[in-house]
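Q: I have a two-chain complex open here and would like to go through it. Can we start with the overall make-up and then move to details?

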Amino acid sequence: MTDAERLAALETSLHKRIRAASDAARSPLSADDIANIVREVVSTLTGDVTASDLKFYSELEELAGYIRHAKQEIADIKPKDISASHIPHATDELDAVVGATEDATNKIMDVCDTISALAANCAPEVNEQLIACTTRIFEACNFQDITGQRITKVVQTLKYIDHKVEALLQALGEEVHRSGGHDTQVKEDADLEKSLLNGPQLPQNAIDQSEIDRLMEQT
Amino acid sequence: MAVDMNMNVLIVDDYKTMLRIVENLLKQLGFKNVAQATDGSMALKMMREGLYGLVISDWNMEPMTGLQLLKEVRADTKLKGTPFIMVTAESKVENVAAAKEAGVNNYIVKPFNAETLKQKISAVLGAF
């Protein structure tokens, strides 16, 4: 029997007994009479809902409320954006750092090669000094390998976080996905000037000076 | 016995800039014949096809790591005597212990300088 059905049965039984008692006495019932009738009716429900059941239901409801609240809080931080936008963007930026330092390192070493070749035409003592200088530059270029490896570790950590966020989203279900939609466009619309402050662009997103010159020449 | 500066030296690293750095440092130390491989399996193939007097290898590479390369070299009857120096950013005690157990001749932690490279090569091949 559902709670609603139980309540309806209780009301019907209560009304019938009050009416019957009222008819029998042909006078309004006293508070004690009503209390006795209610006690009698309620006693017939023993076994359907116990006090411990009620406590259990109450705790379940509290738990459900807590989960609803937690889901809302998670939805508010827009977790879908983390895996769809923030982490891919961060890893792209880090890849760009590795690429840029690699390019710079190669250019530095190109110059060192040129200096070493020119040094061969110099007096022996000058040649020796120049070679010592280029050796120190080559040694310093070690940094590119080390920073590259460190950045790779950071990228792996970000991918691990991404994986965990994705698992959390799966566990919490569609409602978190829906309420946690992308807000990028909203942010841009809300504050256009702020949205223009994006720092260095990734190579594939950037335009070169010649393209800028062309744009400047327009109008 | 003097070190033969004309010997073939094989450097192995998946970072091309690092290969270039090590090659330049070796050339400035006087080594004339330096070859490059970008991972362990490429290096092993080159070693089986040619004669190398020294291998200087990174550890962290794919698909074959420097440690796997070292083990393959030590297990190969023709190659097992090749001097092998590990040059790597892996600087934990257990790494060094594993490399030593696999038969590495010396171990250099990145970043390093030309003097360290020279000292370790000297320790393996003799003074030059």
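**Chain make-up and confidence**

A: Chain A has ten helices and zero strands as its secondary structure. This is a predicted model.

Q: In what order do the elements of chain A run from the N terminus on?

A: The order is α-α-α-α-α-α-α-α-α-α.

Q: What share of chain A is buried?

A: Of the 219 residues in chain A, 6% are buried.

Q: And the contacts in chain A between residues at least 6 apart, what percentage join residues at least 24 apart?

A: That figure is 74%.

Q: Which elements of chain A have the lowest and highest mean pLDDT?

A: The lowest is helix H8 of chain A, residues 184-190, with a mean of 57. The highest is helix H5 of chain A, residues 124-140, with 94.

Q: What scores does the predictor give the complex?

A: An ipTM of 0.77 and a pTM of 0.66.

Q: How many residues does each chain put into the contact?

A: Chain B gives 14 residues and chain A gives 16. On the side of chain B that touches chain A, H1(B) is the top contributor, with seven residues. By type, that side of chain B has eight nonpolar, four polar and two charged residues.

Q: Switching to the inside of chain B. Which residues touch the most other members of the largest nonpolar core?

A: Leu10(B), Val22(B), Ala43(B) and Ile56(B), in a core of 36 residues. Elements giving two or more residues to this core are strands E1 (8-12), E3 (54-57) and E4 (84-88), and helices H1 (16-29), H2 (40-49), H3 (66-75) and H5 (114-125), each in chain B.

Q: Which of them gives the most to the core?

A: H1(B), with six residues.

Q: What does Leu10(B) touch, leaving out residues up to four places away?

A: Ala35(B), Ala37(B), Ala43(B), Met46(B), Met47(B), Tyr52(B) and Val55(B).

Q: Now H5(B). How far does H5(B) reach from its first C-alpha to its last?

A: It reaches 16 Å over twelve residues, close to the 16 Å expected at 1.5 Å a residue.

Q: Which residues of H5(B) are buried?

A: Leu117(B), Ile121(B) and Leu125(B) are buried. They sit on the same side of H5(B), because they cover an arc of only 45° around the axis.

Q: What covers the buried residues of H5(B)?

A: The cover includes H1, E3 and strand E5 (106-109) of chain B.

Q: And what follows H5(B)?

A: Gly126(B), which has a positive phi, near 110°.

Q: Why is Arg17(A) called partly exposed?

A: Because it has 16 other C-beta atoms within 10 Å. Being buried would take 20 or more, and exposed means 12 or fewer.

Q: What is Arg17(A) in contact with, beyond its neighbours within four places in sequence?

A: Ile37(A) and Val41(A).

Q: What separates the C-alpha atoms of Arg17(A) and Val38(A)?

A: They are 9.2 Å apart, with the two residues 21 residues apart along the chain.

Technical notes: Residues are numbered from 1 along each chain as its sequence is written. Chains are lettered from A and ligands numbered from 1 in the order in which they are written. This is a predicted model: local features need pLDDT of at least 70, side-chain atom pairs count only at pLDDT 80 or more; totals for chains, interfaces and linings use all residues. A nonpolar core is a set of buried Ala, Val, Leu, Ile, Met, Phe, Trp, Tyr and Cys residues joined through C-beta atoms within 7 Å. Helices (H or I, at least four residues) and strands (E, at least two) are DSSP runs, numbered from the N terminus. Two residues are in contact if their C-beta atoms, placed from the backbone, lie within 7 Å. Ala, Val, Leu, Ile, Met, Phe, Trp, Tyr, Cys and Pro count as nonpolar, Asp, Glu, Lys and Arg as charged, and the others, Gly among them, as polar. The expected span of a helix is 1.5 Å times one less than its number of residues. The arc is that of the directions from the helix axis to the C-beta atoms. pLDDT is the predictor's confidence in each residue, from 0 to 100.
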